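Please walk through this structure with me, one region at a time. Keep the sequence and the 3D view side by side as you read.

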2 protein chains.
Amino acid sequence: MKEDDILLTIKSVIGEKYIGDDCAYIKELGLVVTQDSLVEDIHFLKKYMSPYQLGYKSGMVNISDISASGGIPKYMSVALSLPKDISTEFVREFYQGLSETLNGIEIIGGDITGSDKIMVSITLIGIDKDRHISSRANAKSGQVIVTSGVHGSSAAGLKLLMKGKRDYENPLIKSHLMPVAQIKFGSNISKNINEDYAMMDTSDGLADALFKIAKASNKTLIVDFSKIIYDKTLKTNFPDEYENLILYGGEDYQIIATVPEYLAKSLNLNIIGKVEPKSEYFVKIKNMLNGEKIIDNLNNCYNHFETV
Amino acid sequence: MKEDDILLTIKSVIGEKYIGDDCAYIKELGLVVTQDSLVEDIHFLKKYMSPYQLGYKSGMVNISDISASGGIPKYMSVALSLPKDISTEFVREFYQGLSETLNGIEIIGGDITGSDKIMVSITLIGIDKDRHISSRANAKSGQVIVTSGVHGSSAAGLKLLMKGKRDYENPLIKSHLMPVAQIKFGSNISKNINEDYAMMDTSDGLADALFKIAKASNKTLIVDFSKIIYDKTLKTNFPDEYENLILYGGEDYQIIATVPEYLAKSLNLNIIGKVEPKSEYFVKIKNMLNGEKIIDNLNNCYNHFETV
């Protein structure tokens, strides 16, 4: 059963008022809420990732979602499910890694249970104080598409780990094991923008985020591949695949947004494309090696199940 | 590694501002937050529990925590981790069971991931509107101890299931598979009480809750066993164990509280004992078959790991 089928089934039972964005915006309370789980052997393998790195990444993936909503992350609840034989050292290192991400976020509780495999499910609550909260359905024609940083590094880092590389200072490997949520990028936009806009993180890849925004907003997104930035070692390490890694590699936790051009310029953001009225497709990527690419579904997109 | 050791390790890294109660009270936002996970083969077995019942129980265990804080449950986030081969029907029935518990609570989102075993991690956010929020550290000498209903049924129901009984209308089995959170009981107290008080649910058993309140409040709780109510079939089904089931059986999701006597009487609550200044022990249960029982640690308490 695929995630999309599961979502359809859920919508059919409970409706879809809140389903759509990675964060739920509870407007009457001024809250944004996200919950993300990391499961051993699905999202991470113990052999690649230390407890510290797991704690760090578990924090960052949730902070990334709140940042991409435009909210300010504030309160974190942490549910850990752990095999009986887990050591005190594992728990200590996990929380040390998690603590590293907090920057004033308070851990307010959670749950501890047993399980066969390690599982982390974190809920993060943010507030909308003086911020304009985004929605992926809010892209408007005429807005430009901006991104917060390099794409494709994390998936490339995972490939290197799978090939046996263990150089934790390698920027590709580091970006897979210890991604950094783009808090300032999100915040910079949400506190300065005066109109509705789309914003989300690239947890499932750049193409996935572009497509989801285009579809939810019913717009066409035209992207200039030559404007997308990526780590220079991506091309040297993966000369035949780097374009695919940049578009389809997941877990970079960069943020993309659609904003008015004047704002992108005044904030000095990296513009990679433009929002246009819906044409016959959702996303077009121009200036690739073989010309251009149309993305009209998610068939090629990043799938955690297949990655590890 | 035991849950207590894990908690100590966590406290040593992140401090303990919020650790203690099942719900975190974020006073500046007027919120109470809880997160509870149910893991296949730890908290439930597929052979005993239908997807509908699992959804129902997953909702209720979290609603119970918010109710026992005195808050009003409002917004729910649902993280599901599911094996690849799970059916649409499973997801549909799970959400139907969950929906049954909502009574106005809104599902605001969550996460879906893969996993080897089924895992549900729900975060529930409540509000403190016109309510006095409880803490297990707030029991005061002179207050009486009240409970919301029958104890021991759920653990007895699990025993019947393990013996092969499948009569889902049996009140013991029903209370294990489909426990009902005591929303009105909690709310009735939190909106009428004018002083600090302790309240928590009996998810890990009555003795566990009594001991935790006594210890966190540094008080002695004297309980009259003959005042504790229980299903009449408990004694006939388990003549040799019913006292143990009543005290140590978990997952009844009743609520116990320490409140002023006048309030207990005006609300017509079942009084089972009294809070006294700390003596040489934490909890004494009087009027048992063999006289009385002192509970001064949690060694005999309910352990999910050992139950299933």
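Met76(B) stands opposite Ile107(B) in strand E4 of chain B. The model is a predicted one. Strand E4 spans residues 106-114 of chain B. Its partner here is strand E3(B), residues 72-82. The two strands run parallel and are joined by 8 bridges. Helix H3 of chain B, residues 88-100, belongs to the picture too. Together E3(B), H3(B) and E4(B) make a right-handed β-α-β unit. How many residues of E4(B) are buried? The count is 7 of 9, so the strand is mostly covered.

E4(B) also matters for the meeting of the two chains, as the next counts show. The contact takes 49 residues from chain B and 49 residues from chain A. On the chain B side, several elements each supply at least two residues. Among them are helix H1 (3-14), strand E2 (31-39), strand E5 (119-127) and helix H11 (304-307). E3, H3 and E4 of chain B are on that list as well. Which element gives the largest share? E4(B) does, with 9 residues. By residue type, the side of chain B that touches chain A divides into 22 nonpolar, 18 polar and 9 charged.

Now compare the two chains as copies. A rotation of 180° superposes chain B on chain A, with 0.0 Å of shift along the axis. The RMSD is 0.0 Å. The two copies are therefore related as by a two-fold rotation axis. The same surface serves both copies.

Turn to chain A by itself. The domain assignment gives domain 1 (3-127) and domain 2 (144-307). The C-alpha centres of these two domains of chain A lie 22 Å apart. Their contact takes 18 residues from domain 1 of chain A and 21 residues from domain 2 of chain A. Which element gives the most on the domain 1 side? Helix H2 of chain A (residues 51-69) does, with 10 residues. The side of domain 1 of chain A that touches domain 2 of chain A divides into 9 nonpolar, 6 polar and 3 charged residues.

Next, look at strand E9 of chain A, residues 255-259.

E9(A) has strand partners. Strand E6 of chain A (residues 144-147) runs antiparallel to E9(A), with 4 bridges joining them. In that pairing, Val146(A) stands opposite Ala257(A). Strand E7 of chain A (residues 198-201) also runs antiparallel to E9(A), again with 4 bridges. There, Met200(A) stands opposite Ile256(A).

Ile272(A) sits in strand E10 of chain A, residues 270-277. Why does Ile272(A) count as buried? It has 23 other C-beta atoms within 10 Å, and the cut-off for a buried residue is 20 or more. Leaving aside neighbours within four places in sequence, Ile272(A) is in contact with residues including Ile145(A), Val146(A) and Thr147(A). Val223(A), Asp224(A), Lys227(A) and Ile228(A) are also among its contacts. Val144(A) is 128 residues away from Ile272(A) in sequence. In space, their C-alpha atoms are 7.6 Å apart.

Finally, some loop residues of chain A. Asp85(A) lies in the loop between strand E3 (72-82) and helix H3 (88-100) of chain A. Asp85(A) counts as exposed because it has 7 C-beta neighbours inside 10 Å.

Most residues other than glycine have a negative phi. Asn103(A) is not a glycine, yet has a positive phi of about 50°. Asn103(A) is found in the loop between H3 and strand E4 (106-114) of chain A. Asn103(A) is exposed, with 11 other C-beta atoms within 10 Å. Asn218(A) likewise has a positive phi of about 50° without being a glycine. The loop that holds Asn218(A) lies between helix H7 (206-217) and strand E8 (219-224) of chain A. Asn218(A) counts as exposed, with 11 C-beta neighbours inside 10 Å.

Definitions and conventions
Residues numbered from 1 in each chain as written. Chains lettered and ligands numbered in written order. Predicted model: local features only at pLDDT ≥ 70, side-chain atom pairs only at ≥ 80, totals over all residues. Buried ≥ 20, exposed ≤ 12 C-beta atoms within 10 Å, placed from the backbone. Pairing = 2+ DSSP bridges. Right-handed = clockwise from strand over helix to strand, strands pointing away. Contact = placed C-beta atoms within 7 Å. Nonpolar A, V, L, I, M, F, W, Y, C, P; charged D, E, K, R; others polar. Domains from an automatic or database assignment. Least-squares fit on C-alpha atoms with pLDDT ≥ 70 in both.
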